[in-house]
Amino acid sequence: MSAAGTPPPAGIDPADERRRWKALGVGLAAAFMTLLDISIVNVALPSLDRALHASPSDLQWVLSGYALTFGLALVPAGRFGDARGRRNAFVFGIALFTVTSALAGLAPNATWLVIARLLQGAAAGIVNPQVTGVIQEMFRAPERGRPFGLLGATIGISTAIGPLLGGLLIALGGEEHGWRYVFFVNIPVGIITVILGWRLLPARPKEHADRHRLDPVGVVLLGLGVLLVLLPLVQEQQWRTPWKWALIPAGLLVLLAFALWERRYARRTTPLFDLRLFGFRSYALGALIGLVYFGGFTAIFFIYTLFLQNGHGYSPLIAGLAITPFALGSAASSAVSGRFVNRLGRPMVAAGLLAVVVGLTATALALRWFPHTPAPWVTAAPLLIAGLGSGLVIAPNQTLTLSQVPVPQAGSGAGMLQTGQRIGAAAGIAAVGSVFFSSLSSSRGNWTTAFEHSLVVATVIIALALVAAVVDVGLGRWWRQST
């Protein structure tokens, strides 16, 4: 029997079957740890602020600097794993993540912490494409639904449960030192993951090593383009000048230059990213859905944490518990969705997006209809519905998006997909956060009104992802009828 509870496919040795599921477990542990650090720091910011006397700019960089370097590293790291072996890149990334977690926890001042977070984000960006690449490499196309379902559950749980775990660690360590535990908790997990990753993940045989250059010009162009697009988004609250938005069109021009370079480079050898992947409808529309969905999905936890802690005075622990229904719903449906994704396809994603929109709309209405009931209670059921829907989106969309990507390009293809998600998350937090703070100011400190208005914006963003999914479903039906 396989680790998934089903007999191993014909022709696969049971020992190899156990090994690949163990390797998947190591990859999921690494993905959980690195993605958790995006959201777990949210609830630690108030105590971190008091302990290190950090400025608002420092706090912004602690939070968004991680996401920035995470996004910059994804595609080059994915290409490196494709070319030189995913195990080496994975182990190096986890080792770096562990060391930088220790440095962050030991930070004597805010500047030290910001630098550690930037390096930690780069390490996370090295690790994550290898996890997806290993799934592509070790599991055949019909078998990938369950591994990607587990990966989707990992993404959903790590994002949603971060505030809860952060609240628990702060309660355990106290206001003065609890924020350090948020980083120290990565150290034992990282050490174990390095050892198991080296033992269990497949090494690329020397006879199959890709000796092509790693396209340094492409790396520079992509990195610069992503940096120019992300910087004004992550610094939206700190850079008051309107000229910051000029960086986005400049970044898009650099990304256009990257696309032209990659097209030319592909004529001679293997590029950093093969643009022909966008010729697959599954990849192009799936990447678009991921970009837009993460724009609304990630912003929800950012504004909800502010609403509960700063607006209503709830502790970090209670704020984290309030998001738990979403995490539980996401975990449950993600685990189930992997069993049906190959049978149901993109309609499952569309159904999940619809459930998220319904759940978030119900959340806003519940707060309006029951203003005197504690917010964590009144939002529990709607957030559970939204979480159940989210579990039908992240993993199935990733499975379908990467379904036609050749294994030698699995790392770079997954890296580009996740880069889009990071850009979407940064843009969503900037847009939704801007509405939140503007509404808070115009309503003279009415936190409920500010949360409702910003939640509507996040819901509209997710509705746009639903439109893209419906278009994909319609195109698929039209194609089947015309052939």
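Is Arg-199 buried or exposed? I get 57% relative accessibility for Arg-199, so it counts as exposed. My cut-offs are under 20% relative accessible area for buried, over 50% for exposed and partly exposed in between, with a 1.4 Å probe and protein chains only.

Housekeeping before I go on. This is a predicted model, where local features need pLDDT of at least 70, side-chain atom pairs count only at pLDDT 80 or more, and totals for chains, interfaces and linings use all residues. I number residues from 1 along each chain as its sequence is written, and side-chain values use heavy atoms, with hydrogens and water left out.

Entry: positive patch. I find Arg-199 in helix α7 (residues 186-200). Together with Arg-18, Arg-19 and Lys-22, Arg-199 forms a positive surface patch. Helix α1 (residues 14-39) gives the largest share of that patch, 3 residues. For patches I take residues with over 30% relative accessible area and no salt bridge, joining like charges within 9 Å and nonpolar side chains (Val, Leu, Ile, Met, Phe, Trp, Tyr) within 5 Å. A salt bridge here is a side-chain nitrogen of Lys or Arg within 4 Å of a carboxyl oxygen of Asp or Glu.

Entry: nonpolar patch. I looked up Val-99, Leu-103 and Trp-112, which make a nonpolar surface patch of about 260 Å². Trp-112 sits in helix α5 (residues 110-138) and is partly exposed, at a relative accessible area of 38%.

Entry: whole chain. I count 17 helices and 0 strands; helices are DSSP runs of H or I with at least four residues, strands are E runs of at least two, and both are numbered from the N terminus. The radius of gyration is 22 Å, close to the 23 Å from the globule rule for 483 residues, so the chain is as compact as a globular protein of that length. I take that radius over C-alpha atoms, and the rule is 2.2 Å times the number of residues to the power 0.38. Along the principal axes, the C-alpha atoms fill a box of roughly 65 × 55 × 50 Å. Buried residues account for 56% of the 483.

Entry: inside. Why do I call helix α15 (residues 394-401) largely enclosed by the rest of the structure? Because 8 of its 8 residues are buried, among them Pro-396, Asn-397 and Gln-398.

Entry: a loop. I place Asp-274 between α9 (247-265) and α10 (281-312). At 9% relative accessibility, Asp-274 counts as buried. Its C-alpha is 7.8 Å from that of Arg-263, 11 residues apart along the chain.

Notes
Accessible areas come from the Shrake-Rupley method with a 1.4 Å probe; for residues, only the protein chains shown count as cover. Lys and Arg count as positive and Asp and Glu as negative; His and the chain ends are not counted. The place of a charge is taken as NZ of Lys, CZ of Arg, CG of Asp or CD of Glu.
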